[in-house]
Amino acid sequence: MEDAVKAPLSKAGEAAAELKVAANGTHVNGETSKWTPSSWTTKPIKQDVIYKDRAAVSKALAKLERCPPIVTPTEICKLKERLRDVALGKAFLLQGGDCAELFDYCNSNMIESKIKLLLQMSLVLIYGAGKPVVRIARMAGQFAKPRSSPTEQYNGRTITAFRGDNINGYDPEERAPDPSRLVSAYFHSAATSNYIRASLSSGIADLHSPLDWELGHVKEEGIKAKYETIVNSITESLSFMKTVGADTAASGLETVELYTSHEGLLLEYEQSLTRHLKKPPSPHHHHPPQGLTNGTHPSSPPEETKQYYNTSAHFLWIGDRTRQPDGAHIEYFRGIANPIGLKIGPSMPAADIVPLLDLLNPRHEIGKITLITRYGASAIAALLPAHIAAVQASPHAGTVIWQCDPMHGNTRSTPTGVKTRHFENILSEVGDAMRIHKDMGSFLGGVHLELTGEAVTECVGGSEGLEEGDLEGGGYKSFCDPRLNEKQALELAFLVAGGFRKG
């Protein structure tokens, strides 16, 4: 009976399923200028995943096509309005979360700890920047990760690299790509998003509640005094608002907006959750209601009021390894209405940025594109100025958000082979980004961080005084790249806020 009511896989889904079992990931022959959710299947693709079982792929994608959206066009368009403010210099963007989520991270404690950390960091940045902060979490879908090599060595044999919980398992015996994990990824993402919404509506971000600003880990007294000054200013401001009666629900002190994001790596998954939906009315314009057909049934909205939305997340980004102008990922992203990010690393020639922006944002929509720079502390001064200049000399000047990712370019391995990042390098790259933008008549619009609300030991340095030897003590929990722990992340927010205050 269940099979009788199941809808067949769409033609677009069939194209994706066929590609996913093709030998070596060979893309379908042919070119197309018209965008569809599956037109990416006509392009060469990087970081692809090939499955063995065609029927299993079709079953997974058909299930995803029937599932309801995780996010709505109304939420997506609200974020676009917020990001427009960021691009215009009226707000600051804070984006952070795990390097790669695991399905096991879908639990109340871990979700709440990240919400609370992002809230505290945003309060510090509001104090420092003197403007609202837009919060986007790397949560509810950040499972897949691009890898530099598709294989690795284990006990003398070559096995498939761990690509993320939505592709294969971390256990060496579970490395075969499994399409059923795409469906599991959907339900874990939906559950995480649901709990985020429930937590926010239940007061987890209520600023009437006391916040834990514990600073005992800060060893240097001068730095500790600076942090305490900021904390006292924030708490006194909140107390003043309460005293004068400005802490009502309308003031926004009882909840906050928190949006979700992930790297759009697995295009068969993203396509399956791409829907042609009515565009919500702009908050700046009043649209009359749709007319009636035959006097009884509302007419369908005209095609020009519909857009393709990726409903798996509010914000998605294109990785540094998958941004080829003629590639599948750029082809897919150019057709969705969501705000999107584009990672820019040392391998990006300045001449390539504007052609990519032309593809992704041909209408020059303000705030549509976030350029996420990830150079490394030793390379940013040599690379960022030319990238800024290229955009400034193009029709896209004033439309993009410049966001600093100080994590990926600063990954190093210890002599024993443990991946880590030095806090001082992370801070240095953010500081240099702020300075370079100011010198060039631009401004840094946000930061993009890999962090966790847990007490892990993965990055070294900071006021805790963590050293490489501490990485061996059992606090290293990441299955991918090292993350800032809750104290390091909050400390970075304090220091960035101080940079804003200095101007």
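Q: What makes a residue nonpolar, charged or polar here?
A: Ala, Val, Leu, Ile, Met, Phe, Trp, Tyr, Cys and Pro count as nonpolar, Asp, Glu, Lys and Arg as charged, and the others, Gly among them, as polar. Keep that handy for this predicted model.

Q: How does the lining of the largest cavity divide by class?
A: There are 6 nonpolar, 4 polar and 2 charged residues. The lining includes Phe143, Ala144 and Tyr269, which count as nonpolar because Phe, Ala and Tyr are in that class. Gly141 is in the lining too, and Gly goes with the polar class. Glu263 and Glu270 also line this cavity, and Glu counts as charged.

Q: What makes a space a cavity rather than a pocket?
A: A 1.4 Å probe fits inside but cannot get out, whereas a pocket is open. The structure holds 6 cavities of 30 Å³ or more.

Q: Which elements give two or more residues to the lining of the largest cavity?
A: Those are helix 6 (180-201), strand 5 (259-263) and helix 8 (267-272). For the second largest cavity, they are helix 5 (108-129) and helix 6.

Q: What lines the second largest cavity?
A: Among its lining residues are Leu102, Tyr105, Lys114, Phe143 and His188. By class, this lining splits into 7 nonpolar, 2 polar and 2 charged. Lys114 is in the lining and counts as charged, because Lys is in that class.

Q: Why is Leu182 called buried?
A: The cut-off for buried is under 20% relative accessible area. Leu182 has 1% relative accessibility, so Leu182 counts as buried. This residue sits in helix 6.

Q: How do you know that Leu182 and Tyr269 come together in space?
A: They are 87 residues apart in sequence, yet their C-alpha atoms are 6.7 Å apart. Contact asks for heavy atoms within 4.5 Å, and Tyr269 is one of the contacts of Leu182 beyond four places in sequence, along with Tyr51, Leu61 and Asn166, among others.

Q: What makes a set of residues a nonpolar core?
A: The residues must be buried, come from a list that includes Leu, Met and Tyr, and be joined through side-chain atoms within 4.5 Å. The largest such core has 107 residues, and Met121, Tyr269, Leu371 and Leu484 have the most contacts inside it. Helix 5 supplies the largest share, 10 residues. A second, separate core has 13 residues, including Leu83 and Trp317.

Methods
Residues are numbered from 1 along each chain as its sequence is written. This is a predicted model: local features need pLDDT of at least 70, side-chain atom pairs count only at pLDDT 80 or more; totals for chains, interfaces and linings use all residues. Side-chain values use heavy atoms; hydrogens and water are left out. On a 1 Å grid over the protein atoms alone, a cavity is a set of points where a 1.4 Å probe fits but cannot get out, and a pocket is an open set with protein on both sides within 12 Å along at least five of seven lines; lining residues have an atom within 4 Å of a point. Grid points are joined across faces, edges and corners, and a volume is the space filled by probe spheres set on the points. Helices (H or I, at least four residues) and strands (E, at least two) are DSSP runs, numbered from the N terminus. Buried means under 20% relative accessible area, exposed over 50%, partly exposed in between (1.4 Å probe, protein chains only).
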